[in-house]
Amino acid sequence: MQAFYIRYRNTQGTLMRILNAVSRRALDLPSVHAEATEPDHQVTLQLEVTPKQVGQLFREWYAIADVTDVQTGAELHSAKVNVELAAPWNLPHPPASVAGNTEEGNVIRA
Amino acid sequence: MEIKGADIVLQCLRAEGVDLVFGYPGGAIMPLYDALEGSGVRHILTRHEQGAIFAAEGYARVTGKAGVAIATSGPGATNLVTGIADAKMDSVPLVCITGQVRSALIGTDAFQETDVFGVTLSLTKWSRIVRSIDEIADVIAEGFYWARSGRPGPVVIDIPTDMLKAKKEFSGAVKFVPRARPEKAEKHAANGNGNAAGKPNRFDSIVAMLQKAQRPVALVGAGAKLSGAIPELRRLLDDLNVPSFATVHGLGAVPPQAPHYLGMVGMHGTRAANMALHETDLLLVFGARLDDRVTGDPSRFAPFAKIVHFEIDPAQLDRVRACEIPVVGDLAETIPAFHKAMRNAGSSLPDWNEWRDVACGAERAELDPRGLAQPTIRFLDELFSRLPQNSVVIADVGQHQMWAAQRYRSSSPRGFITSGGLGAMGFALPAAVGVQLAQPETCVLCVSGDGGFQMNIQELATVHRLGLPVKMVIVDNKYLGMVRQWQQLFYQRNYAETDLSDNPDFVEIAKAYKIPARRLNEDAMREFPVSQGTGDLIDGFLHSRGPELLVFDCAPEANVFPMVPAGASLSEMVFEEE
């Protein structure tokens with residue numbers, strides 16, 4: 001597993017283009033962390049890649065109009081998924097009939 | 001004075017030099033159509049959005065300018081997708097303007113709402129959803145910049161219908177100035193690997209490699225013509241005096257009569273070109289991405305060669321095979337710079353006479369031992385030999401495309417146009433519309449198969465409406481010929497779903513569109529030379545004043561040879577059915 005740190009201007013679609021360079025190669029994206037970091041944004045990816053893919057990804061990321069920097073780090077330990085944070089998102093979507101201000105709706109959307 | 005967003009769009013198009021657009025109206029884009037009259041932008045109504053985008057591509061490919069395609073939201077926008085992918089693969093500057101449902105409805109699965117921004121994200125070079133009328137001018141200026149800059153490509157600008165209707169004070173179109181990127185990113189973009197490249201010392205290394213090389217060759221792709229570097233490339237090749245060959249998109253970059261030019265390389269390339277590429281010890285690549293149709297089995301591609309790769313887009317490097325020296329930059333700059341370095345090196349290059357004799361020898365010159373006897377090839381030879389100078393041939397996708405690429409010998413860099421990377425059937429007829437509109441005085445010949453022609457056959461109506469003198473040929477073998485060829489060679493003749501023997505009568509269909517049409521049977525090609533009557537028929541077809549269709553009925557099981565089977569090395573060409 002290798003970490004990649006990509007800085008980019010947060011224009012429409014730039015993050016998706018960065019991720020697409022990975023997904024189009026049928027690579028898994030076990031960890032993606034995007035955040036605002038002055039003056040740009042940064043996304044950190046952890047990927048299982050071959051050396052050839054590293055070169056291809058670097059060049060493809062730099063070809064995206066608003067990518068400003070790409071770096072790779074040393075091999076990382078597996079990403080820890082924050083189960084507590086993720087849990088509410090794993091619940092089913094509330095049906096449309098559930099009003100947001102009902103107790104049931106509030107519970108589901110909590 | 002306040003003007004509508006639609007008027008701003010059109011004024012910005014004019015400011016970008018656009019006077020011709022291709023499209024198809026619909027609900028969300030209606031305000032733009034409402035504003036067309038008197039805008040100075042001529043709109044060409046095709047009969048399908050795919051026809052519009054292929055026509056815009058044809059216009060862009062033959063002129064080098066950005067093509068513009070317009071469609072409405074939802075199905076209109078999704079019908080553009082194949083053309084967008086085609087433009088991405090073949091580096092065509094293209095700006096697509098799509099209407100979108102009004103802003104308040106975005107994300108609600110409204111009628112004819114599609115996330116065209118998301119759908120096309122992986123196919124575009126750049127795209128935007130306009131979020132405010134204030135953004136329109138900036139977005140259009142930036143879109144055209146990215147479509148044209150570097151390696152050209154497609155751009156999508158999605159405009160909600162309320163933005164087109166809204167009004168604002170407009171002070172005029174703007175010019176986009178790209179924001180500077182950090183030095184490291186610029187350096188990366190400039191050389192592709194973060195190391196020194198495109199620098200004088202790198203050129204010295206290439207010269208040193210040339211001086212040691214025993215079997216150098218040059219492979220020419222589309223990059224030189226896209227960069228407008230054809231004269232520079234030809235001068236360099238004249239001085240290098242090495243065997244050269246071209247990809248399907250590089251055809252015409254080197255004059256076919258140039259000494260030591262070996263024709264097309266790759267899956268259906270010439271024996272001479274493929275053998276030279278297999279045997280070379282130094283491969284100079286000019287503006288080609290080396291895709292699988294050119295390389296064959298990548299692990300056995302140019303196995304003895306070091307590769308020097310001149311390329312504008314670093315992302316194209318090392319996709320299939322790593323190169324020893326990347327020279328990243330606009331070929332209009334890097335080729336002359338390298339040429340100068342080569343001349344300044346002082347010592348002369350080796351004499352590669354022996355290698356040239358081998359690579360260009362008579363025993364390798366024959367395209368296909370049986371080829372000249374094939375009626376379809378004879379027909380194409382007759383057709384092409386009677387074309388006026390500087391004609392443009394647009395080929396669709398399939399067997400006829402490869403035959404045309406093998407046989408059409410154009411010295412014009414933009415004289416042969418086809419969907420090479422994506423291989424999109426149905427490309428040729430609408431693309432020919434765009435080419436003919438761009439060059440009204442040029443003889444435009446559209447060569448299609450019976451399968452591909454039916455994929456955009458509705459554009460006959462566009463040809464008729466505009467009175468375009470496009471000459472259309474259908475090579476009708478009543479099969480999806482290339483797929484059938486593979487089924488014959490690699491699937492034990494299991495012709496699954498490739499039989500088109502119940503094709504409609506194309507002559508009658510053309511006549512229904514009020515386009516004259518005639519038919520020629522391949523038996524007419526068994527005489528050599530062809531009879532006076534056949535010659536007159538072909539001449540009459542090519543030189544008629546208006547549009548015309550010629551259906552060439554050919555044998556259903558004719559095959560394209562030579563052929564490098566998928567997964568084989570370029571040296572393992574097949575010349576006939578086993």
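Two strands pair if DSSP finds at least two bridges between them, and helices (H or I, at least four residues) and strands (E, at least two) are DSSP runs numbered from the N terminus. The views below show a predicted model, in which local features need pLDDT of at least 70, side-chain atom pairs count only at pLDDT 80 or more, and totals for chains, interfaces and linings use all residues. Residues are numbered from 1 along each chain as its sequence is written, while chains are lettered from A and ligands numbered from 1 in the order in which they are written.

**View 1. Strand 17 of chain B and the strands that pair with it.** Strand 15 (residues 392-395) of chain B runs parallel to strand 17 of chain B and is joined to it by four bridges; here A395(B) stands opposite V447(B). Strand 18 (residues 471-476) of chain B is also parallel to strand 17 of chain B, through five bridges, and M472(B) is the bridge partner of C446(B). Six of the six residues of strand 17 (residues 444-449) are buried, where buried denotes 20 or more other C-beta atoms, placed from the backbone, within 10 Å of the residue's own. V444(B), C446(B) and S448(B) lie on one side, and L445(B), V447(B) and G449(B) on the other.

**View 2. Helix 3 of chain B, residues 49-63.** Because 14 of its 15 residues are buried, helix 3 of chain B is largely enclosed by the rest of the structure. Just after the helix, G64(B) takes a positive phi of about 80°.

**View 3. Contact between domain 1 and domain 3 of chain B.** Chain B is divided into domain 1 (2-169), domain 2 (184-364) and domain 3 (371-553), with bounds from an automatic or database domain assignment. In domain 1 of chain B, 23 residues are in contact with 25 residues of domain 3 of chain B, contact meaning C-beta atoms, placed from the backbone, within 7 Å. Helix 3 of chain B gives the most to the domain 1 side, with eleven residues.

**View 4. The contact of chain B with chain A.** Here 21 residues of chain B are in contact with 16 residues of chain A. Strand 6 (126-129) and helix 9 (183-191) of chain B each give two or more residues to the chain B side.

Conventions
Expected span 1.5 Å × (residues − 1). Buried ≥ 20, exposed ≤ 12 C-beta atoms within 10 Å, placed from the backbone. Contact = placed C-beta atoms within 7 Å.
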